[in-house]
Amino acid sequence: MATDEYKPLRRIADAFDSLAGTVNSTVPIEAVHFSDACSRVSVLFGCLGIAFKFAEMDYVSKVEDLKEAAKSIPTLQSMLELDIKSNCIRQGGSHSRNLLRVKRGIDMVKVLFEEILVADGNSLKDPASVAYSKVLAPHHGWAIRKAVSAGMYALPSKSQLLKKLNEDEESSRIEMQKYITSSGPVIQYVEELFISRELGIDW
Ligand code: 1PZ
């Protein structure tokens with residue numbers, strides 16, 4: 001098997017697997033490590049068609065902000081500490097706010113994969129709708145929720161998605177499960193950064 005084979009799903013799962021390893025150690029998560037893993041997720045948008053172009057632009061720009069910040073700020077915790085000092089945690093475009101948004105993005109993908117694994121049939125509409133309503137909808141206003149629910153009708157089928165990801169049913173299950181298992185502790189880690197500083201995560 002060629003090692004340079006196009007396997008974006010495996011690349012995502014492996015990146016989070018490696019991050020999860022850090023979480024279980026005493027070393028803080030490096031911002032560059034985290035933002036690199038999150039940027040691997042962007043490839044999924046390309047499989048969804050133009051209906052979710054706006055979501056892609058929003059997610060990618062926030063990951064890029066974290067990547068840029070990571071050049072001078074070594075860890076996620078120091079990113080938060082700096083924003084606390086500057087009193088700009090909740091300000092639009094702050095690193096902390098973008099971190100919370102990106103965390104929601106990777107949580108959205110986790111719940112989406114969980115729903116795909118338990119769903120019957122070839123449609124992504126129900127798994128995607130359930131994941132969206134659980135993870136992102138509570139934080140979005142009416143206009144965005146409407147646009148997303150319209151976009152749900154334009155999703156590819158599951159088999160089309162797997163084909164674009166160069167996976168089959170069985171290999172995709174393995175990688176999705178790996179992502180679910182490893183993203184869980186990473187998501188918790190980020191949430192704990194906010195909660196332990198009494199910053200809240202519901203804004
Ligand atoms: C089959 C898969 C279907 C997946 C459908 C995914 C739908 C996600 C739609 C998200 C729309 C986001 C539009 C922009 C929202 C922004 O207002 C907010 C707040 O930003 P701020 O005010 O701080 O600048 N941004 C967000 O909530 C971040 C959203 C990240 C979305 C990532 C989704 C990842 C899904 C990947 C699916 C493959």
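This note covers the fold of a predicted model and the surroundings of its ligand.

1. Fold. The protein is made up of nine helices and zero strands. Read from the N terminus, the elements run α-α-α-α-α-α-α-α-α.

2. Overall dimensions. The radius of gyration is 17 Å, which agrees with the value near 17 Å that a compact globule of 203 residues would have. Along the principal axes, the C-alpha atoms fill a box of roughly 50 × 45 × 25 Å.

3. Site. The ligand takes up the space of the largest pocket. Around the ligand there are 22 residues, and the closest are D58, K62, R97, R101 and H140.

4. Origin of the shell. Three helices each supply at least two residues of the shell around the ligand: α3 (53–70), α5 (95–118) and α7 (142–151). Of these, α5 gives the largest share, with six residues.

5. Composition of the shell. Sorted by class, the residues around the ligand are 16 nonpolar, two polar and four charged.

6. Polar contacts. Three side chains are to be checked here, and K62, R101 and H140 are also listed among the closest residues. An N or O atom in the side chain of K62 is 2.9 Å from an oxygen atom of the ligand. For R101, a polar side-chain atom lies 2.9 Å from a ligand oxygen atom. For H140, the distance from a polar side-chain atom to an oxygen atom of the ligand is 2.8 Å.

7. Burial of the ligand. How much of the ligand's area does the protein bury? Taken alone, the ligand exposes 860 Å², and the protein buries 88% of that area.

Note on methods
Residues numbered from 1 in each chain as written. Predicted model: local features only at pLDDT ≥ 70, side-chain atom pairs only at ≥ 80, totals over all residues. Heavy atoms only, no water. Near = heavy atom within 4 Å. Polar contact = N/O pair within 3.5 Å; in protein donor to acceptor, adjacent residues only side chain to side chain. Areas by Shrake-Rupley, 256 points an atom, 1.4 Å probe, with all protein chains shown as cover. 1 Å grid on protein atoms, 1.4 Å probe; cavity = no way out; pocket = protein on both sides within 12 Å on 5 of 7 lines; lining within 4 Å. Sits in = over half its atoms within 2 Å of the grid points. Helix = DSSP H or I, 4+ residues; strand = E, 2+ residues; numbered from the N terminus. Nonpolar A, V, L, I, M, F, W, Y, C, P; charged D, E, K, R; others polar. Rg over C-alpha atoms; globule rule 2.2 N^0.38 Å.
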